[in-house]
Amino acid sequence: MKFFIDTANLKDIQEAVDLGVLDGVTTNPSLMAKEGIKGTDNVMAHYKQICEIVDGDVSAEVIAVDFEEMVREGEMLADLHPNIVVKVPMTRDGVKAIKYFSEKGIKTNCTLIFSAGQALLAAKAGATYVSPFVGRLDDIGHDGLLLVQQIVDIFSNYGYPTQVLAASVRHVPHLIQCAEMGADVVTCPLNVITGLLKHPLTDAGLATFLADHKKVNS
């Protein structure tokens, strides 16, 4: 499984890189705004900074909602760096744009996936990734993890090369269950990734080892 970090914070991205387990980054306009990145030129420069830190795919989202503007924005983003993946919403024009980008050899991430049917359409159009939103489905009383499993099974049935990128992953159990289901990628905040390090028995065991070492060396 690939680990992507869902942020536009350069410090968090660098920390994940330093940990040695980061495979890529996902961003969106909300995450850019959270970091105070405003204006097209500043946003583009920030994407370049991210690509200089991470040796892996970096999803950069188009703002446009119509096909022609999606294509224009997507091509501009793709020209920034070879690692850029154009993030496109699951809409009618979004699917058309994914098909266009696929034929041009531009990688895409179809975002805001909330059903297996949507994921199937994106895969048929040639999406590199589809992003089912686990946590947001849980918020409205649906089973977000069940959707991940459905998409994994469907893609496996028909041999689609499109990768399942589990998004809106909010805690360690989410991440582990996505791994069990065979998701290709999980994207989440830094604290979810570092949460995998923690276990009370590890802490207790280390404390015991250190205490015993101190006794025999005092």
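Q: Hi! Let's start with L197: is it buried or exposed?
A: L197 is exposed, because its relative accessible area is 58%, over the 50% cut-off. Keep in mind that this is a predicted model.

Q: Thanks. Where is L197 found?
A: L197 lies in the loop between α10 (190-195) and α11 (200-216).

Q: And which residues make the nonpolar surface patch with L197?
A: Those are L19 and V21; with L197 they make a patch of about 260 Å².

Q: Okay, new topic: helix α5. How does its span compare with what its 12 residues should give?
A: They agree. At 1.5 Å a residue, α5 (residues 92-103) should span 16 Å, and the C-alpha atoms at its ends are 17 Å apart.

Q: Which residues of α5 are buried?
A: The buried ones in α5 are D93, G94, V95, A97, I98 and F101.

Q: What happens just after α5?
A: There G105 takes a positive phi, about 80°.

Q: What about S168, where is it and what is its phi?
A: S168 is in the loop between β7 (163-166) and α9 (172-181). Its phi is near 55°, again positive in a residue other than glycine. S168 counts as buried, because its relative accessibility is 15%, under the 20% cut-off.

Q: Let's move to S131. Where is it, and is it buried or exposed?
A: S131 is in strand β6 (residues 129-132). S131 is buried, with a relative accessible area of 2%.

Q: Which residues is S131 in contact with, beyond its neighbours in sequence?
A: Leaving aside those within four places, S131 contacts N109, C110, T111, L112, I113, L165 and A167. With N109 there is also a side-chain polar contact of 2.8 Å.

Definitions and conventions. Residues numbered from 1 in each chain as written. Predicted model: local features only at pLDDT ≥ 70, side-chain atom pairs only at ≥ 80, totals over all residues. Heavy atoms only, no water. Helix = DSSP H or I, 4+ residues; strand = E, 2+ residues; numbered from the N terminus. Expected span 1.5 Å × (residues − 1). Buried < 20%, exposed > 50% of the residue type's maximum accessible area, 1.4 Å probe, protein only. Patch = residues over 30% accessible without salt bridge, like charges linked within 9 Å, V, L, I, M, F, W, Y side chains within 5 Å. Areas by Shrake-Rupley, 256 points an atom, 1.4 Å probe, with all protein chains shown as cover. Salt bridge = Lys/Arg side-chain N within 4 Å of Asp/Glu carboxyl O. Contact = heavy atoms within 4.5 Å. Polar contact = N/O pair within 3.5 Å; in protein donor to acceptor, adjacent residues only side chain to side chain.
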